[in-house]
Amino acid sequence: MRTIFRNAHVCDPSQGIDKIADVVVDEVKVLAITEDSTPYDVGSCEVIDCSGLVLTPGLIDLHVHLREPGYEYKEDVASGTAAAVAGGFSAVCCMPNTDPPLDEPSVIRGLLKRVEEVGVARVYPVAAITKGLQPEGLTEMAALKEAGAVAVTDDAYPLQSAEVLRRGMEYAAQLGLTVMTHCEDKSLTRDACMNEGLTATIMGLRGMPSVAEEVQVARNCLMSLYTGCRLHILHVSTAGAVRIIRWAKEKGAPVTAETCPHYFALTDEACMGYNTSAKMNPPLRTQQDCDAIIEGLLDGTIDAIATDHAPHASHEKAQEFALAPFGIVGLETAFAVSYTELVSTGKMSLSALVDKMSCQPAKVLALPGGTLRPGSPADISLFDPNRKWTVRAGEFRSKSRNTPFEGWELRGKPVLTMVGGRAVYRHGM
Amino acid sequence: MLTDLITLRETEPEDIRLLLDTAQSFKEILERPVKKVPTLRGRQVVTLFYEASTRTRVSFENAAKIMSADTTSVAAASSSVQKGESLLDTARNLRAMRIDCLVMRHPQSGAAHLVAQALDIPVVNAGDGMHEHPTQALLDMLTIRQHKGRLEGLTVAIVGDITHSRVARSNLWGLTKMGAKVRFVAPATLLPRDVHRLPVEVYTDLRKGIEGADVVMALRLQQERMERGLLPSLREYSQRWGVNAKALEVTKPDCIVMHPGPMNRGVEIADDVADSGRSVILEQVTNGVAIRMAVLYHLLGGEASA
């Protein structure tokens, strides 16, 4: 069936479009962006009045933990993709630290089968770079790619050996796979659970110094230059990391980077009161880091905003701070937090934000979507930019509630998400 | 009014003063031949200790008993904790037995805070990880006040493993709230990040750090610090940062020396200091009982005046 979005504020940075128009899609692809859609309004056709709403290419999240297989009590394909579309994401990349991990083609195939059965968003699996995410032994990347993996990563188990990283990058590069890395020198973060600094000192908690992230960002960028392998730096959290990535890009390294909304919206002071919903890895840093990350987003050093959506059950978070697992959910708050913190404050234009959350993520891994060019997938997000709403974790589609934004009043609400021509999420529409 | 005692950072100066004054008035009870008053009769106090302790635990239990409260002690080693029960579940189960007050020690910073949020009875932090040990700081302040007659304007040098010390943190907040100046003296590897941004003067040199001090407090140095590569050797530590009679020549002549115990004699404190007339270490222990009586008294619904 054909759908016509009439009178929308169409924002598609991939084509430089930022104007009021109608968008026409069929059950597969975008047909047209037009001033007058009446010629398309024939036969079986849903017409949606989009006055006052922003229409963008479906958001794409490069960094999500769907937890399936193995940790379905935290999240699964059904709940995770439902959370994604409720946050305006039509596609997510899922990380391999499951049980079993995504280190074998059969696991990838099994996951994609589940996505076909119960998923409502597109899911692009990211495979492990090493077997079992253990320090040694590369995975069968060629077979993994054939099975559907779109990249390889060491997320959650950062490679400590530069030699393993080097060989992994050389091997991935020949297959055209991007290596996504979680940058952390573990010798500097032993037993640590939050940012090292004044707040950790007051709370009596072992801190992860910013330099633990930065030495690996530097090492990995150098390795990208040396091997020529495309490198994507996951969840950048420090000012120093932004500076190093800027340098690497100037040197011509094939490096891209993402950050997450919490790294520019929150500082480590959110951990005060031993708030485990503000505990993630890398940890929340300082205001100077937040400012540098926004600067990095604006000047293109940081290509994308991802969520690092990391669900955990309530009983896991209701523990002593150092014992609680790292990670927060983000799919259902990412757009609104970013819109509120960046666009409403005038720091960033709406089209720049859409670029960071849709067009650039598509580019980083050469994924379908991220554009409304005629012929591209009918993946669409519709937002009400003026809608104010209050974050209530109890209302999340995600199985987990671990958000540091509980009770925040935000602006910008996803009201409809379409995947492949099908409206899979509607809020009052 | 106090509802829990978790940190001194979040305790009002008036409440600190009230606790010190109450403890001072209770000290007399400890000198009686029959050490028993009926104040907390019928009240149940549970001590829940996840870490080894002699001083603090006995001190709390005796304080409760002197005030006629009933006490039960739970040691994590012999409890359901060994069966994997979470801290919150353990605490809620104890509360379900209608206890009136929980005193707890735990190796994790924030553990007492976590429990206090979940329970509707007073929770007393008897030491949580590297965070705070409020009753230790209170008994330290009481001891200092007894010797100096005041806290305001005094200079207190805390020497040793600041990074890992809950005693240092609680004393910093308590002493500065009462108008004293605090110095931290430690090797650079035992100073936490951004410590300079706290209301404290920081020194890596012992002599400079204790020069002109009214009080020198030595902290326990744990063997583990060597194992983690934070210090080269006990020998170098004791030579550079050990508190001995020679080093104390630069303090005020009437400077007193304190230690929260247990002492490593010959490491952070020399015998010629620990056993000297300047040492008030055993008085600290006596005052500990009085302080804990005062804390229980006020938390369990005592009147505003003793």
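Me: Which crossing does α5(B) make as it passes α6(B), left-handed or right-handed?

Reply: This is a predicted model, in which local features need pLDDT of at least 70 and side-chain atom pairs count only at pLDDT 80 or more, whereas totals for chains, interfaces and linings use all residues. Residues are numbered from 1 along each chain as its sequence is written, while chains are lettered from A and ligands numbered from 1 in the order in which they are written. A crossing is left-handed if the near helix is turned anticlockwise from the far one by less than a right angle, and right-handed if clockwise. By that convention, the crossing in which α5(B) passes α6(B) is right-handed.

Me: How is α5(B) oriented relative to α6(B)?

Reply: Helix α5 (residues 134–148) of chain B packs with helix α6 (residues 166–177) of chain B at an angle of about 55°, their axes being 8 Å apart; axes are lines fitted to C-alpha atoms, for helices over the stretch in contact, and angles run from 0 to 180 degrees between N-to-C directions. Angles under 35 degrees count as roughly parallel, over 145 as roughly antiparallel, 65 to 115 as roughly perpendicular and the rest as oblique. The orientation of α5(B) to α6(B) is therefore oblique.

Me: How many nonpolar residues does the contact of α5(B) with α6(B) have?

Reply: Two residues are in contact if their C-beta atoms, placed from the backbone, lie within 7 Å, and the residues that meet include Leu138(B) and Met141(B) of α5(B) and Val167(B) and Leu175(B) of α6(B). Ala, Val, Leu, Ile, Met, Phe, Trp, Tyr, Cys and Pro count as nonpolar, Asp, Glu, Lys and Arg as charged, and the others, Gly among them, as polar. By these classes the contact has 4 polar residues, 1 charged residue and, for the nonpolar class, 6.

Me: Which element gives the most to the side of domain 1 of chain B that touches domain 2 of chain B?

Reply: Domain bounds come from an automatic or database domain assignment, which for chain B gives domain 1 (13–132 + 285–299) and domain 2 (134–284). In their interface, 23 residues of domain 1 of chain B are in contact with 20 residues of domain 2 of chain B. The element that gives the most to the domain 1 side, with 8 residues, is α11(B).

Me: Which strand supplies the largest share of the side of domain 1 of chain A that touches domain 2 of chain A?

Reply: Domain 1 (2–55 + 377–426) and domain 2 (58–364) of chain A have C-alpha centres 26 Å apart. Across their boundary, 30 residues of domain 1 of chain A are in contact with 44 residues of domain 2 of chain A. Helices (H or I, at least four residues) and strands (E, at least two) are DSSP runs, numbered from the N terminus, and the strand with the largest share of the domain 1 side, 7 residues, is β17(A).

Me: What is the radius of gyration of chain A?

Reply: Chain A has 12 helices and 18 strands. The radius of gyration is taken over C-alpha atoms, and the globule rule is 2.2 Å times the number of residues to the power 0.38. The rule gives 22 Å for 429 residues, so chain A is as compact as a globular protein of that length, its own value being close to this at 21 Å.

Me: Which residue is joined to Glu68(A) by a cis peptide bond?

Reply: In the loop between β6 and α1 of chain A lies Arg67(A), whose phi is near 70°, a positive value in a residue other than glycine. With omega about 5°, the cis peptide bond joins Glu68(A) to Pro69(A).
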